[in-house]
Amino acid sequence: MKIIQITGYKNSGKTNLSTKIIEMFTETGLKVGSLKHHGHGGISLGFSNTDSEKHRKAGAAIAGVEGEGVFQFSAPDLSLEQLIDFYAFMKIDVLIVEGFKDQPFPKLVLLSEKEDRILLDGVENIKAVLSPSTLEKAAAYPTFKRDETDALLSWLKQDMIDNKSDYAWK
């Protein structure tokens, strides 16, 4: 399984870009998964005041619910690595990880404002940068403007093919 991480500050376009990447790889016949960090604190929507939440509070290591093809689970003690292993178990070809800035996965960094450039110093394993305009500081990485999303997608697809080991999970 290959992993690409999308990171940036709030409202930087992470979900929009993630969606486009998912569509691109799905169209090539790959099985794509996504894992989004809920970084706003508290329990994600859909879990408070539910039977699954009561099970979790009672001590269940994993509490899940399925309905109409949607499976949700809560597992407060699972690490990010264990969650990713779950996706690998499900035989996902490409996993899009949105958020989790401090993790070491190959990442695309989204910048919205000039002040966001500080993010480039705070994360590791940057593969490319998407910004409103070309930034001098991003010159160490392939840098794409917001209106060059198609070029970024094309570059990413080729880079993941050529540099398989850079994106591989275990």
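Which residues form a nonpolar patch on the surface?

1. Before the reply, a word on the basis. This is a predicted model, in which local features need pLDDT of at least 70 and side-chain atom pairs count only at pLDDT 80 or more, while totals for chains, interfaces and linings use all residues. Residues are numbered from 1 along each chain as its sequence is written, and side-chain values use heavy atoms, with hydrogens and water left out.

2. The patch consists of Phe71, Phe86, Phe89 and Met90, which together have about 440 Å² of accessible area. Such areas come from the Shrake-Rupley method with a 1.4 Å probe, and for residues only the protein chains shown count as cover. Patch members have over 30% relative accessible area and no salt bridge; nonpolar side chains (Val, Leu, Ile, Met, Phe, Trp, Tyr) are joined within 5 Å, like charges within 9 Å.

3. Helices (H or I, at least four residues) and strands (E, at least two) are DSSP runs, numbered from the N terminus. Methionine 90 counts as partly exposed because its relative accessible area is 38%; the cut-offs are under 20% for buried, over 50% for exposed, and partly exposed in between (1.4 Å probe, protein chains only).

4. On to the charges: the structure holds three salt bridges, each defined as a side-chain nitrogen of Lys or Arg within 4 Å of a carboxyl oxygen of Asp or Glu. One of them joins glutamate 98 and lysine 36, at 2.7 Å from N to O. This pair links distant parts of the chain, with glutamate 98 in strand E5 and lysine 36 in strand E2 (residues 32–36), 62 residues apart. Glutamate 98 is buried at 6% relative accessible area, whereas lysine 36 is exposed at 53%.

5. Lys127, Asp159 and Asp166 are linked in a network of salt bridges. The closest N and O atoms of aspartate 159 and lysine 127 are 3.6 Å apart. Because aspartate 159 lies in helix H5 (residues 149–162) and lysine 127 in strand E7 (residues 126–131), this pair ties together parts 32 residues apart in sequence.

6. Lysine 127 also pairs with aspartate 166, with closest N and O atoms 3.0 Å apart. Aspartate 166 lies in helix H6 (residues 164–167), so this bridge to strand E7 ties together parts 39 residues apart in sequence. Lysine 127 is buried at 13% relative accessibility, and aspartate 166 is partly exposed at 38%.
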